Amino acid sequence: QHSNKELLNQQEQRESNARSYPRRIPLAIGEAEGIYVTDMDGKKYLDCLAGAGTLALGHNHSVVIEAMEKVIRDKRPLHTLDITTPIKEEFVNELFSCLPEEFCERAKIQFCGPTGGDAIEAALKLVKTATGRQSILTFQGGYHGSTHGTMSISGNLSPKKKVQGLMPDTHFLPYPYTYRCPFGKGGEEGHRLSSTYIENLLDDPESGVLPPAAMILETVQGEGGSIPAPIEWLQEIRRITKERGIPLIIDEVQTGIGRTGKMFSFEHAGIVPDVFVLSKAIGGSLPLSVVIYDQELDCWEHGAHIGTFRGNQMAMAAGTASLNYIKKNELDRHAEEMGNLLLQSLQQQQSDFPEFGDVRGRGLMIGVEIVDPTHAPSSSGSLPANPELASHIQHECFKRGLILEVGGRHGSIVRFLPPLIITEEQVKEVVSIFKDAVSASLK
Ligand code: PMP
């Protein structure tokens with residue numbers, strides 16, 4: 001049995017420098033169950049990173065394990081390319097039973113490679129093929145993956161600077177980040193300005209923006225810093241795109257499958273996109289991704305989008321079991337309740353900690369934006385980002401057995417993404433550890 005240190009040293013020597021989580025969280029995981037992981041030295045941690053939002057049912061949930069064991073017991077094929085099987089049929093039925101009714105009748109599904117980025121790539125190719133256009137409208141601060149195409153439409157500039165030849169004709173629009181409003185106005189006025197700006201841009205023949213193949217967005221920016229778009233803004237965007245015949249792609253890779261308090265996050269706004277993408281939690285913790293889209297866009301010719309690993313059988317079996325459990329136990333509603341409890345508890349701490357510039361979220365996708373309160377606020381009321389303190393807080397949490405992610409555009413948002421099964425007691429534990437960690441970081 002190796003120690004934490006031994007495994008971390010080996011990794012440092014052999015693995016690529018590109019890895020990022022182990023740099024911020026120096027951990028080697030031995031075992032895991034529910035919302036806890038145990039490191040190689042036997043120390044237990046509460047896992048509020050949960051595979052960056054993948055582990056809806058936590059680690060090694062019994063229904064997922066049983067589904068996987070059944071695949072083996074029944075001698076089901078582990079790999080079939082995209083040839084159909086009863087396991088696949090069951091998965092599609094289960095997933096379609098979760099879709100909003102009016103969309104279900106028109107929906108088509110495409111299985112993609114194992115990661116979210118794969119499915120976003122497929123969605124981009126789909127809308128480009130269907131519309132015969134190439135321009136993509138996307139949002140500042142958005143994150144859609146790490147491949148050439150998905151990186152091209154993601155906001156973060158630093159990884160792009162070193163990779164030449166990304167996808168041309170991508171236009172970045174202002175996201176309604178109400179705390180740091182791109183128009184310098186906070187609150188409602190800020191997000192109204194954002195949708196008006198977008199509408200004007202699309203209607204201005206001199207804007208330089210070609211008729212787009214699609215607009216893509218996250219309803220809550222995840223990697224961008226747990227930023228929920230206001231509901232009215234989402235409705236406005238749906239109206240604007242629909243009126244102009246622009247397909248709307250919603251990236252539900254992180255927000256999907258109950259995380260925000262609804263099965264799909266667009267349901268909060270009562271809207272339906274033309275295309276949406278699922279990954280992370282869809283495979284019950286195994287790698288799987290799909291694109292779901294309006295059949296009107298189904299322009300693919302045979303073989304137009306292929307690949308060896310399209311819908312792994314084990315992942316589909318685990319995904320069916322997980323979806324079924326989420327639905328039966330109304331874990332979307334539970335996520336909303338636990339999310340509200342966590343959000344309110346963190347907001348209550350704002351009076352003690354002026355370093356909490358903004359505490360926000362939707363469901364169990366919550367962020368605390370860490371700022372420097374010694375400066376004067378900007379015109380929108382925001383304070384300068386404080387990534388050093390955010391990172392210090394993450395470290396103090398880690399020392400106390402709580403794993404949290406730090407991210408966002410300025411690296412100053414502490415993010416909470418616990419499994420959906422988190423209990424009230426565990427939420428209270430998270431809040432209490434976090435408070436101690438913040439106090440210790442400020443000493
Ligand atoms: N879209 C969103 C919203 C994501 O959060 C992520 C991953 N964090 C991706 C796409 C890319 O998914 P993957 O890392 O599985 O390629």
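Predicted model: local features only at pLDDT ≥ 70, side-chain atom pairs only at ≥ 80, totals over all residues.
**Stop 1**

Now widen the selection to the whole shell. Colour the shell by residue class.

**Stop 2**

Helix α7 touches β4, β5 (135-139), β7, β10, β11 (275-278) and β12 (289-294). The direction of α7 makes about 25 degrees with that of β12.

In what order do its seven strands run? The order is β4-β12-β11-β10-β7-β5-β6. The sheet is open, and its pairing is mixed. Go to the edges: β4 (107-112) and β6 (170-173). Each has a single partner strand, so one side of each is left without a neighbour in the sheet. Neighbouring strands are turned by 20 degrees against each other on average, with direction ignored.

Zoom in on β7 (residues 212-217) and β10 (residues 248-251). These two strands run parallel, joined by three bridges. Pick Ile-216, then find Ile-249 in β10 standing opposite.

**Stop 2: two helices side by side**

Select helix α9 (residues 187-203) and helix α10 (residues 231-243). Their axes lie 10 Å apart, and the helices pack at an angle of about 10 degrees. That angle makes α9 roughly parallel to α10. Angles under 35 degrees count as roughly parallel.

Now show the side chains between them. From α9 come His-191, Ser-194, Ser-195, Ile-198, Glu-199 and Leu-202. From α10, Trp-233, Glu-236, Ile-237 and Ile-240 meet them. Five residues of this contact are nonpolar, three are polar and two are charged.

**Stop 3: the four-stranded sheet**

Move to the other open sheet, with four strands in the order β1-β2-β3-β15. Its pairing is mixed. The edge strands are β1 (29-33) and β15 (402-403), and each pairs on one side only.

Focus on β1 and β2 (residues 36-39). They pair in the antiparallel sense over four bridges. Ile-29 has Asp-39 in β2 as its bridge partner. Ala-32 stands opposite Val-37 in β2.

β1 and β2 form a hairpin with two residues between them. Gly-34 sits in the turn, with a positive phi of about 60 degrees.

**Stop 4: two loops with positive phi**

Select Ser-226, in the loop between β8 (220-221) and β9 (227-228). Ser-226 has a positive phi of about 50 degrees although it is not a glycine. Is Ser-226 buried or exposed? Ser-226 is buried, because 27 other C-beta atoms lie within 10 Å, and 20 or more are enough to count as buried.

Then jump to Glu-330, in the loop between α11 (313-328) and α12 (331-348). Phi of Glu-330 is near 45 degrees, also a positive value in a residue other than glycine. Count its surroundings. Glu-330 has 12 C-beta neighbours inside 10 Å, so Glu-330 counts as exposed. The cut-off for exposed is 12 or fewer.

Methods
Residues numbered from 1 in each chain as written. Axes fitted to C-alpha atoms, helices over the stretch in contact; angles between N-to-C directions. Parallel < 35°, antiparallel > 145°, perpendicular 65-115°, else oblique. Contact = placed C-beta atoms within 7 Å. Nonpolar A, V, L, I, M, F, W, Y, C, P; charged D, E, K, R; others polar. Pairing = 2+ DSSP bridges.
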